[in-house]
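This report goes through one structure, part by part. Please look at the sequence and the model first.

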Amino acid sequence: STVPLLTWSSPESSVGVWFSWWLKWGLLALFVVFIVLPYTVKVLPNLIQHYVYAHRLRVPFFADLSRPDEFSLNHTINMYLTPEEGISLGVWHTVPASQWKEAQGKDLAWYQDSLGAGGPVFIYLHGNLGTSIVCQQILSGLGYHVLVPDYRGFGDSTGEPTEDGLTTDALYLYNWVKARSRNSLIVIWGHSLGTGVATNMAVELVKQGVVLDGVILEGIFNAARQNIPFHPFIWYYWKYPGIGYLFKEPWAENKVVFPTEENLKQMRSPVLFLHSEDDHLVPISIPQQLHEVAASVQGAERVKMVTFEGSLGYLHNGLYRDPRLPGIIKEFVQSLEG
């Protein structure tokens, strides 16, 4: 049998091994701390964003937004516009309810031609949670055309939502409608987030020498005078649990201003404010103050405000339930036509 050989090492050699081990792992730790970690902090959020932009879930779930008939809008067509290169903007066009039979099976060309018939046209700029189909039905029932865009990043529209981007989308749709509606009255109705978009686009048009025929502002907010508790586009981004403690939020650079109060000082369009006294997101004092600002510039005849009793429980998103709403809208449109 073979007798194993016993080896002996000096204390000096053991120290050398330990020194070599610590040196190797120490250099590795320095590499991680000063090179890998900073690079990861910079790149990882962008990688997460890129993945989420391409694969994020859409709401409502399992709904085909290219088929408005699935939402009981059987006199509505879906189309896609291109406000900028690489941006596809989903838009629903609902014709007056009196035309619903005639609209069956009609193509996009027929819908576009119908805009020039002379009836009022509404562009409805929805809030952060999407459009109100009931509002489309109300306006259609009153005999108006209704066009509802899903801003970039919303619905099945592509792109990342930004304040400038949403304003560009609304301006593009307005110009698209204006080019096809001849001398028809065009009214902008903004709800919540849409009020910021509406006032932004109104001011941009004023700079071009264009005054909107009329603007309705429902559930208006004022970022300059109230604390907005969350980023309006936060739903667009995915945030893994705890990731915010390690990395900057992906939406941190997506600044939102919506200078509504300053916009109202520059607007020259007739304005109708709609607000519920029990609005849980925007206190009634906010639209009251903004109404005063707008009226001081244009006069009380061109700036109106209708409030709804808090006991009705409409909160921020429920004004469409009020039976007086169709009459209020109709009266406002008639004042614009007169």
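Leu27 is part of helix H1, which covers residues 11-55. Helices (H or I, at least four residues) and strands (E, at least two) are DSSP runs numbered from the N terminus. The model is a predicted one: local features need pLDDT of at least 70, side-chain atom pairs count only at pLDDT 80 or more, and totals for chains, interfaces and linings use all residues. Residues are numbered from 1 along each chain as its sequence is written, and side-chain values use heavy atoms, with hydrogens and water left out.

Together with Leu23 and Leu30, Leu27 makes a nonpolar surface patch of about 280 Å². Patch members have over 30% relative accessible area and no salt bridge; like charges are joined within 9 Å, and nonpolar side chains (Val, Leu, Ile, Met, Phe, Trp, Tyr) within 5 Å. Accessible areas come from the Shrake-Rupley method with a 1.4 Å probe, and for residues only the protein chains shown count as cover.

## Salt bridges

The model has seven salt bridges, each a side-chain nitrogen of Lys or Arg within 4 Å of a carboxyl oxygen of Asp or Glu. One of them joins the side chains of Glu84 and Arg152 at 2.9 Å, N to O. This pair links distant parts of the chain, 68 residues apart: Glu84 is in the loop between strand S1 (76-81) and strand S2 (89-94), and Arg152 is in the loop between strand S4 (145-149) and H5.

Arg152 also meets Asp169 in a salt bridge of 2.7 Å, N to O. Here the partners are 17 residues apart, with Asp169 in helix H5. How buried or exposed is each member? Glu84 is partly exposed at 34% relative accessible area, whereas Arg152 is buried at 6% and Asp169 is buried at 1%. Buried means under 20% relative accessible area, exposed over 50%, and partly exposed in between (1.4 Å probe, protein chains only).

A further salt bridge joins Lys265 and Glu262, with the closest N and O atoms 3.1 Å apart. Both residues lie in helix H8 (residues 260-266), three residues apart, or about one turn of the helix. An α-helix has 3.6 residues a turn, so residues three or four places apart point the same way. Lys265 is partly exposed at 36%, and Glu262 is partly exposed at 41%.

## Helix H5

Helix H5 runs over residues 163-178. Its 16 residues reach 23 Å from the first C-alpha to the last, close to the expected 22 Å; the expected span is 1.5 Å times one less than the number of residues. Buried residues in H5 include Leu166, Asp169, Leu173 and Trp176.

## Aromatic rings

Eight aromatic pairs are counted. Rings of Phe, Tyr and Trp (its six-membered ring) pair if their centres lie within 6.5 Å; planes under 30 degrees apart count as stacked, over 60 as edge-to-face and the rest as tilted. The rings of Trp110 and Tyr111 have centres 5.1 Å apart and planes at 85 degrees, so this pair is edge-to-face. Trp110 is buried at 16% relative accessible area, and Tyr111 is buried at 2%. Elsewhere, ring pairs link Phe122, Tyr124, Tyr144 and Trp189 into a cluster.
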